[in-house]
Amino acid sequence: MPGSFSTTTLQITTGATETVTDLTRACERFLLQAADGRDGLLNVFVPHATAGIAIIETGAGSDDDLLTALHTLLPSDDRWQHRHGTPGHGRDHVLPALVPPHATLPVIAGRLELGTWQSVCLVDTNVDNVNRQVRLSFLG
């Protein structure tokens, strides 16, 4: 039996501060219809040059720790060659090299197979672009 492919785009407003936005519930809702109980793969992709997808624990401080670590690794200052937008915005364009713009996750019997404390998150440090798209695609 050939596999099927289904896709949708989420519209996410991240606001004017650096954020880690939990997408896990949205992924689960998508899979209810798209996977329909089948095994397969969920691909999560953010088509932006200044955002990424992370699999990380949320709610216990790890999401804030990630933003702190990114701020340490990628300071918002004038060192960046890429200079349009908010001062230090060049760092946002380096972010996807550290937090990739995609993740591919296993789906078993229609359910997302994450570890106990894992969540699917959009990581956005670009305060100049508050509107984001995230594409969810299921192949199974």
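Colleague: Asp 92 and Arg 91: buried or exposed?
Modeller: Both Asp 92 and Arg 91 are buried. Buried means under 20% relative accessible area, exposed over 50%, and partly exposed in between, with a 1.4 Å probe and protein chains only. This is a predicted model, where local features need pLDDT of at least 70, side-chain atom pairs count only at pLDDT 80 or more, and totals for chains, interfaces and linings use all residues. Residues are numbered from 1 along each chain as its sequence is written, and side-chain values use heavy atoms, leaving out hydrogens and water.

Colleague: What do the side chains of Asp 92 and Arg 91 meet in?
Modeller: A salt bridge, 3.8 Å from N to O. The term needs a side-chain nitrogen of Lys or Arg within 4 Å of a carboxyl oxygen of Asp or Glu.

Colleague: Which residues are linked with them in a network?
Modeller: Glu 18 joins Arg 91 and Asp 92 in a network of salt bridges. The Arg 91 to Glu 18 bridge is 2.2 Å, N to O. Arg 91 lies in helix α3 (residues 90-98) and Glu 18 in the loop between β1 (5-13) and β2 (19-22), so this pair ties together parts 73 residues apart in sequence. Helices (H or I, at least four residues) and strands (E, at least two) are DSSP runs, numbered from the N terminus.

Colleague: How does Glu 18 count, at 23% relative accessibility?
Modeller: Glu 18 is partly exposed. Arg 91 has 2%.

Colleague: New topic. What does Arg 25 form with Glu 28?
Modeller: A salt bridge, with the closest N and O atoms 3.4 Å apart. Both sit in helix α1 (residues 24-34), 3 residues apart, about one turn. Arg 25 is exposed at 58%.

Colleague: How many salt bridges by this rule?
Modeller: The count is 5.
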